[in-house]
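Please keep the sequence and the model open while reading.

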Amino acid sequence: MRRSYSLSLLLTVGILLIISGCVPAGQAQTPSQQEIDSAVSATLTAVANSLTTETALEPVPVEVPQTSFEGTTITCGNFSVVIPFDIANGAMCEEIPEVYDPNQMNQETYSAYYRITLGGYYFGDHFFDPQIRVYPVARYQEILPDVFSPRLTRLQGLINGGQPEEGSLPFLPEIHAMQEFTAQYQPLSFINGSGVRFLTMFSQAFLPVNNYEMIYTFQGLTSDGQYWISAIMPVSLEGLPPDSSTAPGGDWNAFVDNFTAYIAETTAHINQASGDSFSPSLLSMDRLISSLQVIP
C-alpha cells in the first residue's frame with residue numbers, strides 16, 4: 001500500500017511533464033503554478049484520505065480557567081483581545097481593504113477585514129506571522145460563495161457538536177496547500193462565540209512536520225453568526241525538526257514511501273504531548289482565544 005504513494009507522486013510528476021511536452025517544437029513551456037498546485041494538492045489529498053482510523057481526530061481534554069490572567073488588551077476595529085504577557089509584548093492593528101473583481105476571479109479574493117499582528121512574539125522565526133483576523137461572514141459569502149459556504153457549513157457543524165472528519169478542517173484565509181496533519185483538536189469558546197482549535201501544517205509536497213511551519217489555529221464564529229474569527233499562532237514542540245530541509249532518516253525516497261505511517265506516528269506523538277510541552281503553551285494560547293470579543 002505504501003508504494004502506491006510513490007507511484008502517485010511519480011504519476012503527478014509524469015502528468016506535469018506531459019503538460020510541458022505537449023506543445024509545438026520551439027514553443028516549450030513549463031507548467032503553470034496553478035497546474036503544479038492542483039496536481040500536488042490532489043496527490044496529498046489522496047494520501048490524507050487514505051489515513052487509517054488510528055489518526056482520526058479525537059478531542060483532547062482541556063480546561064481553560066475562567067479567572068482573569070495578566071496580559072495586554074488590544075482593540076482593533078470592532079474586536080478586542082487580551083494577549084498574555086508570556087506570548088508577546090504588543091500588537092499592530094490593521095484594517096485590510098477588500099480585494100474583489102468579478103471580471104478577474106482568478107486573482108486572490110477576500111472581503112475587507114480587521115487584522116491584529118502580534119509584536120515581540122517570543123518564540124523565534126516562523127513561516128507564519130502570529131495573527132488574528134475577523135472576517136464579515138455575509139460579505140465573504142457574497143463574493144466567494146463556492147469557496148466560503150462549504151467551509152461555513154462544516155465549521156457550524158463542528159461548533160454544534162459534530163465530529164471532525166478526516167482531511168482538512170475549515171480554515172481561513174485561503175491557502176493553496178494541504179493540511180498535512182491535524183492534532184490537539186478541541187472545541188473552544190470565547191466571550192461571544194465559539195469554534196475549534198487544532199495544530200496543523202500546510203504543505204504542497206511530502207515534508208516532515210517541523211517547528212518552522214507548524215501552527216496553532218483557532219477557527220470560530222460569533223454567536224450571532226456575523227463574524228468568522230481566524231487565529232494563527234506559530235508553535236513548536238521539542239523533538240520535532242527545526243525545518244523541512246532534511247528527510248527523517250536521511251532518505252527522501254524511503255520517507256515518501258512511508259509517508260502515511262510517518263504522519264500517523266507523528267500525529268500520535270503530538271496528540272500525546274501535554275499542553276505545556278509546546279512553546280508557547282497551548283493553555284496560554286487558549287487563554288488568548290477565550291478573551292476575544294467582537295462587537296456587531
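A residue counts as buried when its relative accessible area is under 20%, and as exposed when that area is over 50%. By that cut-off, 46% of the 296 residues of the chain are buried. The model is a predicted one.

**Overall make-up**
- The chain holds seven helices and twelve strands.
- Among contacts in the chain with a separation of 6 or more, 66% are between residues 24 or more positions apart.

**The seven-stranded sheet**
- Seven strands make up an open sheet with antiparallel pairing, in the order E3-E4-E5-E9-E8-E7-E6.
- The edges are strand E3 (90–96) and strand E6 (178–190); each has a single partner strand, so one side of each has no neighbour in the sheet.
- From one strand to the next, the twist averages 20°.
- Within this order, strand E5 (residues 131–136) and strand E9 (residues 227–234) run antiparallel and are joined by six bridges.
- Ile132 stands opposite Ala231 of E9.

**Helices lying across the sheet strands**
- Helix H6 (residues 259–272) lies across E6 and strand E7 (193–203), and runs at about 25° to E6.
- Helix H7 (residues 282–290) runs at about 55° to E6. The strands that H7 lies across are strand E4 (113–119), E5, E6, E7, strand E8 (215–222) and E9.

**Helix H4**
- Helix H4 covers residues 145–159, 15 residues in total. From its first C-alpha to its last, H4 reaches 20 Å, close to the 21 Å expected at 1.5 Å a residue.
- Which residues of H4 are buried? They are Phe148, Leu152, Leu155 and Leu158.
- Seen down the axis of H4, these buried residues fall within an arc of 125°, so they line one face of the helix.
- The general rule behind such a pattern is that an α-helix has 3.6 residues a turn, so residues three or four places apart point the same way.
- Asp146 and Thr153, on the other side of H4, are exposed.
- The cover over the buried residues of H4 includes helix H3 (137–143) as well as E6, E7, E8 and E9.
- After H4 comes Gly161, which has a positive phi near 100°.

Definitions and conventions
Residues numbered from 1 in each chain as written. Predicted model: local features only at pLDDT ≥ 70, side-chain atom pairs only at ≥ 80, totals over all residues. Heavy atoms only, no water. Helix = DSSP H or I, 4+ residues; strand = E, 2+ residues; numbered from the N terminus. Buried < 20%, exposed > 50% of the residue type's maximum accessible area, 1.4 Å probe, protein only. Contact = heavy atoms within 4.5 Å. Pairing = 2+ DSSP bridges. Axes fitted to C-alpha atoms, helices over the stretch in contact; angles between N-to-C directions. Expected span 1.5 Å × (residues − 1). Arc of directions from axis to C-beta.
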